[in-house]
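Trainee: Please take a close look at a single part of this model. I would like to know how it is placed and what surrounds it.

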Amino acid sequence: MIEASFAEHFANDWIDSWNAHDLTRILAHDADDLVMESPVIITLVGGPSGRLVGKSAVGAYWRQAIAQIPDLHFEPIAVLPSVNSLVLRYRSTGGRLASEVLNFDAERLVIHAAAHYVA
């Protein structure tokens, strides 16, 4: 079970890492075999599946995203814990609503992330 205290701490650190544009700190939340799914992968990287596998592939994508969006900033709205996952809801740059569904392994590293955005 993901306890509320872990969820809040994780969410705050995750948001702070992104707002600092600190890729090393961002990736510290993730397992080496991370799977990331996002519609932005399709538009930014041209990956037709919208899916990247492996921390290094995801890190390269995020490095590109940070470089292309220098004013990238997230504002937390809510964190919703579950058994082995949590949903992190936030406002992204320009006020765009977003949610990330993050699934954790036994070491509490993210093994699967799926980004969702209001169209």
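Mentor: Start with one term: a residue is buried when its relative accessible area is under 20%, exposed when it is over 50%, and partly exposed in between, with a 1.4 Å probe and protein chains only. The model is predicted, so local features need pLDDT of at least 70 and side-chain atom pairs count only at pLDDT 80 or more, while totals for chains, interfaces and linings use all residues. Residues are numbered from 1 along each chain as its sequence is written, and side-chain values use heavy atoms, with hydrogens and water left out. Helices (H or I, at least four residues) and strands (E, at least two) are DSSP runs, numbered from the N terminus.

The part I will take is helix α4, which covers residues 55-68. The 14 residues of α4 reach 20 Å from the first C-alpha to the last, close to the 20 Å expected at 1.5 Å a residue. The expected span of a helix is 1.5 Å times one less than its number of residues.

Along α4, the residues V58, G59, Y61, W62, A65 and I66 are buried. They cover an arc of only 165 degrees around the axis, which puts them on the same side of α4. That arc is taken from the directions that run from the helix axis to the C-beta atoms. An α-helix has 3.6 residues a turn, so residues three or four places apart point the same way. The other side of α4 has the exposed residues S56, R63 and A67.

Next, the surroundings. The buried residues of α4 pack against α1 (4-19), α2 (23-27), β1 (30-37), α3 (39-45) and β2 (51-53). Contact here means heavy atoms within 4.5 Å.

The 16 residues of α1 should span 22 Å at 1.5 Å a residue, and its end C-alpha atoms are 22 Å apart, which agrees. Its buried residues are F6, A7, F10, A11, W14, I15, S17 and W18. They cover an arc of only 160 degrees around the axis, and this puts them on the same side of α1. On the face of α1 turned away from that buried side, S5 and H9 are exposed. The buried residues of α1 are covered by elements including α2, α4, β3 (75-81), β4 (85-91), β5 and β6.

Just after α1 comes H21, with a positive phi of about 55 degrees. H21 is in the loop between α1 and α2 and is partly exposed, at 26% relative accessibility. Most residues other than glycine have a negative phi, and most peptide bonds are trans.

D13 and R25 form one of them, at 2.8 Å from N to O. This pair links distant parts of the chain, with D13 in helix α1 and R25 in helix α2, 12 residues apart. D13 is partly exposed at 24% relative accessibility, and R25 is partly exposed at 30%.

Another salt bridge joins E37 and R51, whose closest N and O atoms are 3.7 Å apart. Here E37 is in strand β1 and R51 in strand β2, 14 residues apart, and the pair again links distant parts of the chain. Both are partly exposed: E37 at 30% relative accessibility and R51 at 43%.

R108 forms a salt bridge with E3, the closest N and O atoms being 2.9 Å apart. R108 lies in the loop between β5 and β6 and E3 in the segment before α1, so the pair ties together parts that are 105 residues apart in sequence. R108 has a positive phi near 65 degrees, in a residue other than glycine. R108 is partly exposed at 26% relative accessibility, as is E3 at 36%.

How values were computed
Salt bridge = Lys/Arg side-chain N within 4 Å of Asp/Glu carboxyl O.
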